[in-house]
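Please examine the sequence and the model shown here.

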Amino acid sequence: MRFHFTEAAGDPAHWLPLARAVEDAGFTGICLADSLAYPSESDATYPYTDDGNREFLRGKAFIEPLVLAAALTAATTRLHVTPFVLKLPVRPPVLVAKQAASIAALSGNRLSLGVGISPWPQDFTMMGVPFPHRGRRLDECIDIVRGLCGGGPFHHHGEFYDIPEIEINPVPTQPLPILLGGHSDAALRRSVIRGDGWMSAGASPADLDTMLAKLSTLRRELAPDKTFRTFAVSRDAFTPAGIARLAQSGVTDAIIGFRGLHEPGPDHRTLDERIEQIQNFAATVIAETGSAA
């Protein structure tokens, strides 16, 4: 099992010392949330809370994840960083490819790219991107990012993007892992067909088990030989016995946060308190179960 720390948009000044503490504690990486802006008005519901409420996002500090990834990999020596997840279809895919390739090249391949579709129509509006057909747009974006980050000349002529032959430099010396977020059947299927893994945004134990079972079936049917990673937020991850259950169900990477991702209001924990939580978890769980590189 690999362990990845995550923060619910805490104090931006804490990120660099937290990254160093996480690395020292034996975590594999850090997962970074993405929020472009908070729309003052929206009829959309948030798909990952029971009541669809989005108020937990109000007033929280979100650093753009690729900017933060560059800072965190520069401040550490072995820590891997994964956006959790980057709202890819609202961004220009060639620019994302250039940013991701640059971070991966500078960090020694310590970036994985978690991507997904924003639930907010306002994200698309503010970025000048049509909201309809966003799933097919995401598919093209993934193909473009993967193609450009693979190195050499690349061109793409699709439904949404028409890119003449170009290449970017530098590129990673290893393939850039692309992970898909989302809980829908379409998201699970997309993760198996186009991705190198899947990321759960947090679900009840029963719902997580259901999605993991669906994922296992899809992998057997569509990509039985593909190396695949499964990231999950789960209460089971806080005990060695729970880690064993997650591993049995197919989870390869546990995402660990010490404050609920969807808790509203400010986080009043001090930096020392946060580091102590990280160290206690390392002593009681990572040390007992082992952490894969």
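The account below turns to the strands and then to a pair of helices.

The model is predicted, so that local features need pLDDT of at least 70 and side-chain atom pairs count only at pLDDT 80 or more, while totals for chains, interfaces and linings use all residues. Residues are numbered from 1 along each chain as its sequence is written, and side-chain values use heavy atoms, with hydrogens and water left out.

Helices (H or I, at least four residues) and strands (E, at least two) are DSSP runs, numbered from the N terminus. Strand 1, helix 1 (residues 15–25) and strand 2 form a right-handed β-α-β unit: with the strands pointing away from the viewer, the path from the first strand over the helix to the second runs clockwise.

Strand 2 (residues 29–32) is covered on both faces, with Gly29 and Cys31 buried on one side and Ile30 and Leu32 buried on the other. Buried means under 20% relative accessible area (1.4 Å probe, protein chains only). Strand 2 is also joined to strand 3 (residues 80–83) by 4 bridges, and these two run parallel. Cys31 stands opposite Thr6 and opposite Thr82 in strand 3.

Helix 2 (residues 65–75) and helix 3 (residues 93–107) pack at an angle of about 10°, with their axes 10 Å apart. They are therefore roughly parallel to each other, a term for angles under 35 degrees. Leu66, Ala69, Ala70 and Thr73 in helix 2 meet Val96, Gln99, Ile103 and Ser107 in helix 3, where contact means heavy atoms within 4.5 Å.

Methods. Buried < 20%, exposed > 50% of the residue type's maximum accessible area, 1.4 Å probe, protein only. Pairing = 2+ DSSP bridges. Axes fitted to C-alpha atoms, helices over the stretch in contact; angles between N-to-C directions. Parallel < 35°, antiparallel > 145°, perpendicular 65-115°, else oblique.
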